[in-house]
Amino acid sequence: MTEAIKTDVLIVGAGPCGLFAVFELGLLDVKAHLVDILDKVGGQCAELYPEKPIYDIPGIPMITGHGLTESLMEQIKPFNPTFHLNEMIETVEKIGDPEFRVTTDAGTVFECKVLVVAAGGGSFQPKRPPVPGVEAYEGKSVHYAVRKMEDFRGKDILIVGGGDSALDWTLNLNPICKSMTLVHRRDDFRGAPHSVEQMRQLVASGKLDLKIGQITELQGANGQLESATIKLNDNTTAQIKCDAMLPFFGLTMKLGPVANWGLHLENNLIPVDTGTFETNVPGIFAIGDINTYPGKLKLILSGFHEGALMAQKAVKYVYPDKRVVFQYTTSSTNLQKKLGVN
Ligand SMILES: Cc1cc2nc3c(=O)[nH]c(=O)nc-3n(C[C@H](O)[C@H](O)[C@H](O)COP(=O)(O)OP(=O)(O)OC[C@H]3O[C@@H](n4cnc5c(N)ncnc54)[C@H](O)[C@@H]3O)c2cc1C
């Protein structure tokens with residue numbers, strides 16, 4: 001059995017609310033590990049709208065999703081949290097009062113006193129393209145993300161989609177592949193104009209075959225793709241030789257494994273006590289978009305407030321005998337020492 005990582009608190013989800021929770025816990029000397037399915041921190045801000053402006057973070061008139069993520073990472077630096085990215089929390093088992101054993105799909109095992117579910121809308125999952133039988137190739141020759149570019153060196157690659165991910169990977173993988181075809185349903189791309197321009201240059205120089213149409217059929221055996229049939233917009237068909245296909249049709253959010261952790265759910269959200277943000281299971285808290293209570297607003301500022309109150313109760317599980325005194329960061333030299341500013 002894998003040796004468990006022991007931590008005071010395990011936070012499920014490194015979105016803005018999970019990140020800020022590290023700060024509030026840190027002020028109370030509570031250490032946290034965070035797990036996220038994504039390969040980056042920042043949750044929806046980083047994945048869905050990194051370049052878009054946010055206007056309602058208190059005291060910050062305007063900041064982008066990416067900017068907010070960067071600032072939160074800077075703010076929690078003094079508390080040195082440990083991140084486990086590209087991993088999904090799968091199971092949660094109660095082993096003490098409270099103490100939990102938590103496992104990820106990568107086999108990492110944690111033992112924690114407190115679990116903070118900051119899982120937002122749930123797990124981001126790639127949308128499957130509407131091609132019959134595509135499941136049979138997934139993980140072997142159809143990939144929804146590029147984990148290691150080297151895996152695609154010397155391959156005949158078929159990229160599908162018209163957004164930033166499709167264009168970015170077209171540009172990044174083009175120099176190392178054997179051949180590349182980009183398929184999009186219309187000759188109009190949603191990605192950044194500069195990327196569209198670079199993609200057009202690759203087409204002009206003969207390094208990229210751009211097909212406007214839709215994939216209708218895949219051919220191959222035992223999960224290994226050999227070719228794909230494309231119905232072109234002029235009603236002809238084309239047969240493309242390929243040994244790897246990368247469809248980028250966006251992400252959807254599904255509740256995922258959170259549903260199996262013994263927590264009460266209301267419309268796929270976790271009801272909480274608004275004094276502590278604790279769930280029906282003592283020691284398990286839910287903050288941010290994943291929780292529900294009368295008047296809940298799915299705003300980042302709500303999740304920040306929820307994290308502060310959660311920490312006040314969580315510290316009692318981690319240090320049952322410690323008296324917690326309320327302090328301001330402005331005037332407490334004790335808190336300032338923890339923040340490394342005094
Ligand atoms: C286009 C858009 C614009 C927005 N604009 C604003 C705005 O202007 N102001 C505002 O306040 N809010 C805005 N929001 C809403 C805001 O982004 C959310 O309220 C906020 O992201 C919620 O933060 P969170 O940390 O609760 O969840 P999320 O940001 O959703 O992060 C949750 C994280 O948990 C991870 N996760 C889920 N399940 C698991 C699991 N089992 N194991 C491991 N990891 C898991 C996910 O991968 C994700 O990274 C906007 C949202 C969108 C989509």
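Axes here are lines fitted to C-alpha atoms, for helices over the stretch in contact, with angles from 0 to 180 degrees between N-to-C directions. Helices (H or I, at least four residues) and strands (E, at least two) are DSSP runs, numbered from the N terminus. The model is predicted: local features need pLDDT of at least 70, side-chain atom pairs count only at pLDDT 80 or more, and totals for chains, interfaces and linings use all residues. Residues are numbered from 1 along each chain as its sequence is written, and side-chain values use heavy atoms, leaving out hydrogens and water.

**Stop one: two helices.** Select α1 (residues 16-27) and α6 (residues 300-318). Their axes come within 8 Å and cross at roughly 40°. Now colour the contact (heavy atoms within 4.5 Å). On α1, the residues include Phe-20 and Leu-25. On α6, Phe-304 and Met-310 are among them. By class, the contact has 11 nonpolar, 2 polar and 1 charged residues.

**Stop two: a cis bond.** Most peptide bonds are trans. Select Asp-97 and Pro-98: a cis peptide bond joins them, with omega about -5°. Pro-98 sits in the loop between β6 (89-96) and β7 (99-104).

**Stop three: positive phi.** Go to Asn-222, in the loop between β12 (209-221) and β13 (224-232). Its phi is near 50°, a positive value in a residue other than glycine.

Finish at Phe-277, in the loop between β17 (270-271) and β18 (284-286). Phe-277 has a positive phi of about 65°. Phe-277 counts as buried (under 20%), because its relative accessibility is 1%.

Methods:
Buried < 20%, exposed > 50% of the residue type's maximum accessible area, 1.4 Å probe, protein only. Nonpolar A, V, L, I, M, F, W, Y, C, P; charged D, E, K, R; others polar.
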